[in-house]
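Hello,

Here is the structure we talked about handing over. My notes follow below it.

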Amino acid sequence: MSETAKLELEGKVYELPVIQGTENEKAIDISKLRDTTGYVTLDSGYKNTGATKSKITFLDGEKGILHYRGYSIEQLAEKATFLEVAYLLIYGELPTQTQLDAFRNSITKHTLVHEDMKQFFEAYPAKAHPMGVLASMVCSMATFYPESLDPNRSAEAKDLTIHRLIAKLPTLAAWSYKNAIRHPFMYPKNDFDYCKNFLYMMFGMPTEDFKVDPVVVEALNKLLILHADHEQNCSTSTVRIVGSSNANLYATISAGISALWGPLHGGANQEVIEMLEKIHNDGGDVDKWVAKAKDKEDPFRLMGFGHRVYKNFDPRAKIIKKACDDILEKLGVNDPMLDIAKKLEKVALEDEYFKARNLYPNVDFYSGIIYKALGIPTEMFTVMFALGRLPGWVAQWKEMTENKEPIGRPRQIYTGATSREYVPIEKR
Ligand code: CMC
């Protein structure tokens, strides 16, 4: 007989099914709890709630494991391209050469953004945060492609919507930056690969030949792969819950982008650079700031250190540290902020306080440093995260629609006033 959990309530014992995932993680299935007992569960922030069964990403925070569709992040980051990983996440298997060529051709074909959308950019103020622009532009895509409004129309229509989005997000992201600095938009160059084309649209100028170091393209490819999915986090859960109402994909991903915008989620890499600037402007005394981070009376924390899920090490940080070292050496960047970052990393890795609490630099520490070294402005960091996370969001949305999951609708425990009579205004 399969395993069950026993729950005793008001003297009555209920048996709840226990389900087990393929990596042996276990869950108590409470989906019928309210019907059978009248009770619901309470779990603020859903920290103990499995909201779905998913075949996409597995992570084990204790062991520092991250797998996409069973493949380790280490192997994918070393050997694959971002589009290959996007295909893997969305369609479930690594593509054959023919499948990858067809996928790449389709993505390349759709990189242009409708010319009318260009006018939207011009209406934004120069100081518009690129995440606000990106979320609005992605949502607006639904108005240009009305056939996307029914997300379940056909597998071909679904694929077309997905490919358009993956193709156009780099264009929209780069244009939101160009708009902010009031430079001319660079149209996509389809003989460049995905990463190089993005860098071209970001940093290319119509007046110059575009040259980029392959180390930079490779680092971007790795960063996008490392951010491509992270199972049911804030933005991904947002995507699944918005998509569960049968909203179209563009509106759904726009909601995911908005969720990612928050500093508690996608904003950490930006906070790293802001912290480094603060330390620099304060005279660059790293030891002083490490002491502040350790002082329980002081709210300051070292940004980019520690992780909610990874308690021994962040496998993504291990990979990206090397790319970070390579980039800094190759580009020979001379930036006092990056010197502070290196000192901070060294001090924190050797300090007992950080060692005892397993507080090592996380992926956002290094991604912030790399983006800074590449000349990407801090306001664009979360946009870079969105670019990487897109295939994960799409895969999670596709899986949810294919599984015909019900509309998301959590319960609550009401703690407000009980029933009372309306009081006319003159008597209040
Ligand atoms: N600097 C100094 N002390 C810290 C830090 C830090 N960055 N992080 C945790 N601690 C201490 C904390 O004070 C506590 O000490 P004690 O046991 O003496 O009370 C102990 O370490 C455990 O901390 P916690 O707050 O219980 O750990 P948590 O798992 O709840 O928090 C965290 C994880 C990421 C929110 C936290 O480490 C933090 O605030 N880090 C800085 C912000 C950051 O880098 N965030 C990005 C995370 S990666 C994002 C992603 O994967 O998408």
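**Helix packing**

Helix α12 (residues 268-281) packs against helix α15 (residues 336-350) at an angle of about 100 degrees, and their axes are 9 Å apart. Axes are lines fitted to C-alpha atoms, for helices over the stretch in contact, and angles run from 0 to 180 degrees between N-to-C directions. Helices (H or I, at least four residues) and strands (E, at least two) are DSSP runs, numbered from the N terminus. The angle makes α12 roughly perpendicular to α15 (65 to 115 degrees). On α12, the contact (heavy atoms within 4.5 Å) uses M275, L276, E277, I279 and H280. On α15, P336, M337, I340, A341 and L344 take part.

**Basis**

This is a predicted model: local features need pLDDT of at least 70, side-chain atom pairs count only at pLDDT 80 or more, and totals for chains, interfaces and linings use all residues. Residues are numbered from 1 along each chain as its sequence is written, and side-chain values use heavy atoms, without hydrogens and water.

**Domains**

An automatic or database assignment sets the domain bounds. They are domain 1 (4-65), domain 2 (70-265 + 378-402) and domain 3 (282-373). The C-alpha centres of domains 1 and 2 lie 33 Å apart. Here 7 residues of domain 1 touch 9 residues of domain 2. About 740 Å² is buried between domain 1 and domain 2, with 55% from carbon and sulfur atoms. Buried area is the accessible area (1.4 Å probe) that two parts lose on being put together, summed over both. I56, T57 and L59 supply 67% of what domain 1 buries against domain 2, more than any other three residues.

Best wishes

Conventions
Parallel < 35°, antiparallel > 145°, perpendicular 65-115°, else oblique.
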